[in-house]
Amino acid sequence: TFNSYSMRQLSIFIIIILTGMLATSCDPKEKVYPDTPEILFISMSNNTVNYTDSTSGLNIVFEFTDGDGDLARNQEGTDSTIYLIDTREGTLLPEIIFPLPYIPRENRQKNGGIKARTTVSLQSHYFMPRLDTLHNTYDTLSYEIYIKDDAGRKSNVITVGPIYIEP
C-alpha cells in the first residue's frame, strides 16, 4: 500500500521526469537567420475597402526575420522601411513607404538576430480607384510588399490581394 512517504517519492519522480522532458524538448541555441531580411505573410483583415468611408481600411500582418538585426534600431522609427507597391498600372499612389517600428535591444536575440511580427494599417485614402473610365468607380488591386534593412538589403517579396475597392 501507498503511504504518504511513497506518494511524496512518486510525486518527486514525476516532477523530475516532466522537467527532463521539458528540458530536452527546448532547444537552448538561438535561431540563426540570414543577414538578408525575410518576410512571411500572416493575414489580411478583410479584402474590400470602401474608399468613400474614412473608417474603412484593412490591416496586413506579416512576420520578418533578419540575421544581423540591422533594422528597426532607431527609436524615432526612421531607419528600416516597409515598401508596398501597387501592382496596377496608372494608379495615383504606386508606392507607399512606412518606417519599420523600433525593436528594443532586449527583444532581440543575443546574436543580434530578430524574428518579429508587424501590422500595416491602411485607411481608405490609400485605396483610390484609377481615373480611367473602366475603373473610376470599382477597382481591384494587389500589393507587393518587401522590407529593406539598414545595409540596403531587400527581403523577398510577398503579394497581398486581391483587394476590392468600392464606393
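**Salt bridges in the predicted model**

At 5% relative accessibility, aspartate 86 counts as buried.

Aspartate 86 has a charged partner: arginine 88, with the closest N and O atoms 2.7 Å apart, in a salt bridge. Arginine 88 is buried as well, at a relative accessible area of 8%. The cut-off for buried is under 20%, so both residues of this pair fall within it.

How many salt bridges does the structure hold? There are 8. I will go through two others.

Next, aspartate 139 and arginine 130. Their side chains form a salt bridge, 2.8 Å from N to O. Aspartate 139 and arginine 130 are both buried.

The last pair is aspartate 70 and arginine 153, whose side chains meet at 3.0 Å, N to O, in a salt bridge. Where do these two residues lie? Aspartate 70 sits in the loop between β3 (57–66) and β4 (81–86), and arginine 153 in the loop between β7 (139–148) and β8 (158–166). The pair therefore ties together parts that are 83 residues apart in sequence.

Buried or partly exposed, for this pair? Aspartate 70 is buried, with a relative accessible area of 8%. Arginine 153, at 26%, is partly exposed.

Aspartate 70 and arginine 153 also belong to a network of salt bridges, which links them with Asp68 and Asp149.

Note on methods:
Residues are numbered from 1 along each chain as its sequence is written. This is a predicted model: local features need pLDDT of at least 70, side-chain atom pairs count only at pLDDT 80 or more; totals for chains, interfaces and linings use all residues. Side-chain values use heavy atoms; hydrogens and water are left out. A salt bridge is a side-chain nitrogen of Lys or Arg within 4 Å of a carboxyl oxygen of Asp or Glu. Helices (H or I, at least four residues) and strands (E, at least two) are DSSP runs, numbered from the N terminus. Buried means under 20% relative accessible area, exposed over 50%, partly exposed in between (1.4 Å probe, protein chains only).
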